[in-house]
Amino acid sequence: MLKKVLSVVLWLVLLISIVGCTKDQSASSKPNKSGSKDLSPVTFTYFNAGTPGKNMNTNETTIGKKLEEQTGVNFKVEYLVGDLNTKIGTMIASGKYPDILSPDAGIDKVLDAGGLIDLTDLIEKHAPNLKKLYGPYLNRMKDNDGKIYFIPFNAPQSFVADPNITQGAFWIQRGILKEAGYPKIKTLDEYFNLIEQYQLKHPKVDGASTIGFTALTYDWRFYALSNVPNHLAGYPNDGEVMVDMETHKTSVYADKDETMRYLQKLNELNSKGLFDKEAFVANYDEYLAKISSGRVLGFFDYGWEVQQALDNLKAAGNDDKRYMPLPITFDGQKDQYIDPMTFINNRGIGITVSAKDPVRIIKYFDNLAKEENQKLAFWGIKDETYSVNDKGRFYQTPEQAARTADQKYREDSGLKMFEYYWPHGDGLYSDGNAWNPSKQPEVATMSYTDGDKAILKAYGATVFSDLFAKPDDRPWYPTWSASIEQGSAPQIYGTKKTELIKKYFPKLVLSSPSKFDSVWKEYTKEFKSLDTKSFEKFMDKVVEDRIKEADNK
């Protein structure tokens, strides 16, 4: 009897164990909202204010689909149409945000409104890969209150010169250089003289009037005009100030001789009918369309900002209408157009207070930060968009180069979607390959057309960056990425200065030459009322702190 009872008890214990084990296994395989094994499908919303694009889901792209398979996460991405301030203002007023947000120039307004959550603990607890990638820069990512509210787009691991020019340059139609016998042009006067001579011979293109020189002035992109005197004086893009290499002291230049000299040159161009009279009223899309048309002979801009237009011209196949970047300075002094190793910490992507599941989102970012996924995002699919030789070097065949240059393919594959505006690195991977294919010399030269090779040969260069000076080491660079507290004296200066230059620069360029001096005098008189000293003092401290931080690494 006792044996029978024991047998029943043992059978019940075994049955309970089996049921319990089954429940445990079921629970462990069930998606857990905050657990690492959560692959349940979820779609978050992402508003990108930094660039135009086609609204679509990340999983509509090949790369986005692979990332979704790894994480279960998909994003519905919306891009800015219309006015940035209006769009951001509507979000702030309603208190309703997308799950993640890249507000670009509206970042301070969103932060001030409390629209982004603190990411510090999320990164610490759930994002080891992200923490590793951004490790050297975590302190610079902190806001004034010591918290991290957004992840900057670029964490450089080392310096690699971009074979092509994605930063600032004076651009000129290649047909102009070709007709002139490929002269070496270094100064501003040489540049504009060449354009003037060409336009006299070619007043029309395809039945439309040629435009000697245009400028981008739309909305927050006004810096594409206001930054130029800094570059012409032989300084890199430190934004509002020039930084002395010896003393490390900063100085505002918006009211200095360099700015006057450049605006007076544009005024002279305008009086000769060489300056684009629509430059101060055209929006960004109109500006790109104008450059794509082949009517514009020259302009200053940052390569990344006009890449869409440059790609359109390349696709059109008329090499004479494409542009050559030149390192123009006032008098031929050493240029500093190519950026040194740079960490930009005043733009980025944040998780908003409206986010449904911040943990899933930060884990997606963490997964994206893995080196293999960074290669996926930038290089694409092995043997489809790139190949690897027996030494482990990444390269592209002519077919792969053509494929990755095709805008529709880039859009469908996700190479366009993920090339920026997400957490990523820069420089070199652990295997020595360039983070971005565009910085791999083998890839750059492979993608060159016969026209590219011909003009480079004419100037004795292998890649376009050969024409530009190597950047000097500037551990503070760029000062414009410094976080400035809303309502502070430096912030108020910046706002008033922007309003003032937007008011006066068009007048200075478009007025008759006889009135330029009086308008400049009026402008500088108003400028003197601004608190430039507090701004320069603030920037001096930024430079000092960043030098100390670099020395302590």
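Author: Two strands pair if DSSP finds at least two bridges between them, and strands (E, at least two residues) and helices (H or I, at least four) are DSSP runs numbered from the N terminus. This is a predicted model, in which local features need pLDDT of at least 70 and side-chain atom pairs count only at pLDDT 80 or more, while totals for chains, interfaces and linings use all residues. Residues are numbered from 1 along each chain as its sequence is written, and side-chain values use heavy atoms, with hydrogens and water left out.

Reader: How many bridges join β2 to strand β3?

Author: There are 2 bridges between β2 and β3 (residues 73-79), and these strands run antiparallel; Asn57 stands opposite Lys76 in β3. The open sheet has 5 strands in the order β2-β3-β1-β4-β13, with mixed pairing, and its edge strands, each pairing on one side only, are β2 (56-57) and β13 (350-351).

Reader: Which residues have the most contacts inside the largest nonpolar core?

Author: A nonpolar core is a set of buried Ala, Val, Leu, Ile, Met, Phe, Trp, Tyr and Cys residues joined through side-chain atoms within 4.5 Å, where buried means under 20% relative accessible area (1.4 Å probe, protein chains only). The largest has 102 residues, and those with the most contacts inside it are Phe170, Tyr191, Phe213, Tyr262, Leu266 and Tyr523. Helix α20 (residues 489-510) gives the most to this core, with 7 residues, whereas a second, separate core of 51 residues includes Leu133, Tyr137, Met141 and Tyr364.

Conventions. Buried < 20%, exposed > 50% of the residue type's maximum accessible area, 1.4 Å probe, protein only.
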